[in-house]
Amino acid sequence: MLLQIVRRTAILLASLVVSSVLVFAFMVLLPGDPARVALGVNASESAVTQLRQEFGLDRPLVAQYLSWVSGLVRFDLGTSYVSRAEIAPQIVDRLQVTMWLVVCAMLLAVVIAVPFGTLMALRHRRPSGLALSALSQVGVAVPAFLAGILLITVFAVKLQWLPANGWTPPNENPTQFLRQLVLPVLSLGLVQGAVLTRYVRSAILDVQREDYIRTARAKGLGRARALRRHGFRNAAIPVVTVLALQLATLLIGAVVVERVFVIPGLGSLLLDQVSNRDLIFVQDVVMLLVFAVLVVNFVVDLLYLVIDPRLKVGAR
Amino acid sequence: MKHIRIGTAAASVLFLALTAACSAGSGTSTSGGTGGNGGAGADKNLTVGLVAEPASLDFTTKDGAAIPQALLDNVYETLVKVDQDGQIKPALAKAWKVSDDGKTYTFDLVDNAKFSDGQAFTAKDAAFSIDRVKKDWTVSLKASMDVVQDAKAVSDTQLQVTLNKPSNNWLYKMSTRVGAMMTEKGVADLATKPVGTGPYVFQTWKRGDSISLKANPSYWGTKPYFQQVTLKYFKDPTALNNALLTGTINVIGTVQAPESLAQFEGNDKYEIIEGTTNGEVLLSFNNGKAPFNDLKVRQAARYAIDHKALLDTCWAGRGTLIGSMVPPTDPWYEDLTGLYPHDLAKAKALVAETNAAATPVRLRIPSLPYAVSCGQVVKSQLEQAGFKVTLDQLEFPAVWLTTVFTDADYDMSIVAHVEPRDLPAVFGDPKYYTRYDNKQLQADLAAADAGTPEEQVTLMKKAAKELSQDAAGDFLFLLPNLIVAEKGITGLPKNAITESFDLTGLARS
């Protein structure tokens, strides 16, 4: 068990180092001069040179990389090229917004996927199961931004039930916050829910064929009861994996959905800073996203050990 | 199936719990207080949807049109102001005199203006503001103050400015952001706390969302109608339209997709205001190198463009055709669209004569809506005349700025030059990306700046015509000022010809 944890921590750290190099390298490859973009069309050549020095862009790449990474390790994310303000507080501000979206969308996805996936598995040969299955396929095929545009057109522009876009912090006006949250969460959550439903369905179908379910049934447990006592726990393993992978999809989906719904979250921040060539800002945000995804995967790895006692032995 | 129903019930309970969790307290300081219906609700509140959010509030160190759009004339005021017809009018200066040699300006200032920190506005502040442009501003616009030799306060209400040579442009520039009046005690934190004498006071800035202004209770002039104005920023034109359709905003300050106007037309809830801007959409040529250093090639390109068809296709027919680098609101405007009428035969003949079809020309456009929609049309029109054109779309600003603007690694581009009275900037400096070096034009521009206002008009007319005849670029069209507002909002400017989105005269009837 301990060995497993140590091994996975080492993998996590190695992945973080590799991804930091990759993130930095991609930023260097982006065409365009950050100093010129920051200063704008009318900037003089000398002002651009001066700003490049100020940003430290005239230093060798290795030095730039090391100073960035050493800052990260000390939780010093640096100063924005464009606004000259500290980056960390701005990220925290935007992250709170994005977390609402991602967490609510994920919960919605689970809430949809578990009952419907199970239902689809139990009725997989019946018309109702097939109908649900077809419906979930449609959900899988629709990208979140398209779902967003459709939802806006129907519920905001035509029916005028909900606002088309915008964001209000919950402590400022809870009703308005909820009204504005509904459509973006639906557009992210429905699509993810549809994907997840497929996985829940196949996981349940798989465990139903396992020996231990047959044994449980032979002992006299009903189908549903056998599934509840022995099935769900086993079916949870692949589902939790997919859920963790979906976190990455959700974060990326949030970038687009935030743009569609004009939500000032991490995604719109990232897009703005890419176009501003606020490289250090972009590096920080991307690294944070990478970090989040890696840590979630790490936690999922550890969760396996809890869910599936067989893995504790280290037989994997 | 009983158990499944229990499962569903449990799921419903979980969903309710999650909804409650999602609605519970905590949260963030970002974002829009006047989002949702808040903006449209109260009578004295106004929410205006705009496109580009500023990256900072300090236009003394940060370029970009978004900062003066929000702050100039609203929070900061200038000594003089430009009206809807392009005439210079009094603002913080009640009147001014120019000496006979054109070098000394004496301004009589209003005596009751106050900064939002409570201090009175005096001639000392005016002198300080002018000096500060030369000393502390870092944007290149500060160059328009280079001509100032000395600015001094004669009394609290009289300011004397001495120039080192006569300059008509200088007085005009005093109506733009370089002429913004600040106070020595209010410049410590310009990026987040602007202090001015204007009818509105800066209130909050929710980054990524909106800027809020509130009416200045101690404003010296006519007090504004709206007590609270929110400028809300939208990157996506569809989201901007939806926000008006659903009542989140009251006004679309600048329509970015003219083809989307159809959904507001014929709806009595909205009105559309259409006027002109200073934004000349220029098909720029790299005059510094082959093939466009050859007048005949440039002429061929100008004859090849069918401006009316182009405007109809790429900007829904909205906008004004101009024949040179001058919008109709400038005093020296004349209609020069007849100089190069669409003439495919002439264009083909010139292409054949100059052998311009031998090598493809690179049309490198920025990734901006007007450029993207015009690029394809321009390419096909040029190809009809025999040109070979490769079209590249470069990310704006980053890549376009480096490739086209700084390195001039291009043959043609399409970009809107939105600065007011920018003919001298775009074509008077051979180092500018147009690489246009015409000594006669440069001499005329200098003489226009130094002459009497009448001479200025005559010489600028001459320069504009010379520029057009020499085909230094092709002037595709002038961007329209398009505003969509809820019916009943009055005072919206027909022409957007200053740097600001002036909120002063707005009201609700």
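1. With 25 C-beta neighbours inside 10 Å, D73(B) counts as buried, because the cut-off for that class is 20 or more. This and every point below refer to a predicted model. D73(B) sits in the loop of chain B that runs between α3 (66-71) and β2 (80-82). Its backbone deserves a look: phi of D73(B) is positive, about 70°, although the residue is not a glycine.

2. Most residues other than glycine have a negative phi. A408(B) is another non-glycine residue with a positive phi, here about 50°. The loop that holds A408(B) lies between α11 and β15 (412-417) of chain B. Is A408(B) buried or partly exposed? It has 18 C-beta neighbours inside 10 Å and therefore counts as partly exposed.

3. Most peptide bonds are trans. In chain B, the bond that joins A290(B) and P291(B) is cis, and its omega is about 0°. P291(B) belongs to the loop between β12 (270-285) and α7 (295-304) of chain B.

4. A cis peptide bond also leads from F396(B) to P397(B), with omega near 0°. Where is P397(B) placed? The residue is in the loop between β14 (389-394) and α11 (398-406) of chain B. The loop between α11 and β15 (412-417) is where A408(B) of point 2 is found.

5. Turning to chain A, the assignment divides it into domain 1, residues 2-73, and domain 2, residues 92-276. How far apart do the C-alpha centres of the two domains lie? The separation between the centres of domain 1 and domain 2 of chain A is 34 Å.

6. Two packed helices are described by the angle between their axes and the distance between the axes. In chain A, helix α5 (residues 87-122) packs with helix α11 (residues 266-276) at an angle of about 130°, and the axes are 7 Å apart. The two helices, α5(A) and α11(A), are therefore oblique to each other. On the α5(A) side the contact is made by R94(A), L95(A) and T98(A); on the α11(A) side L266(A), G267(A) and L269(A) take part. Sorted by class, the contact of α5(A) with α11(A) has 3 nonpolar, 2 polar and 1 charged residues.

7. For checking against the structure, the backbone items in chain B are these: positive phi at D73(B) and at A408(B), and cis bonds from A290(B) to P291(B) and from F396(B) to P397(B). In chain A, the item to view is the contact of α5(A) with α11(A).

Terms used:
Residues numbered from 1 in each chain as written. Chains lettered and ligands numbered in written order. Predicted model: local features only at pLDDT ≥ 70, side-chain atom pairs only at ≥ 80, totals over all residues. Axes fitted to C-alpha atoms, helices over the stretch in contact; angles between N-to-C directions. Helix = DSSP H or I, 4+ residues; strand = E, 2+ residues; numbered from the N terminus. Parallel < 35°, antiparallel > 145°, perpendicular 65-115°, else oblique. Contact = placed C-beta atoms within 7 Å. Nonpolar A, V, L, I, M, F, W, Y, C, P; charged D, E, K, R; others polar. Domains from an automatic or database assignment. Buried ≥ 20, exposed ≤ 12 C-beta atoms within 10 Å, placed from the backbone.
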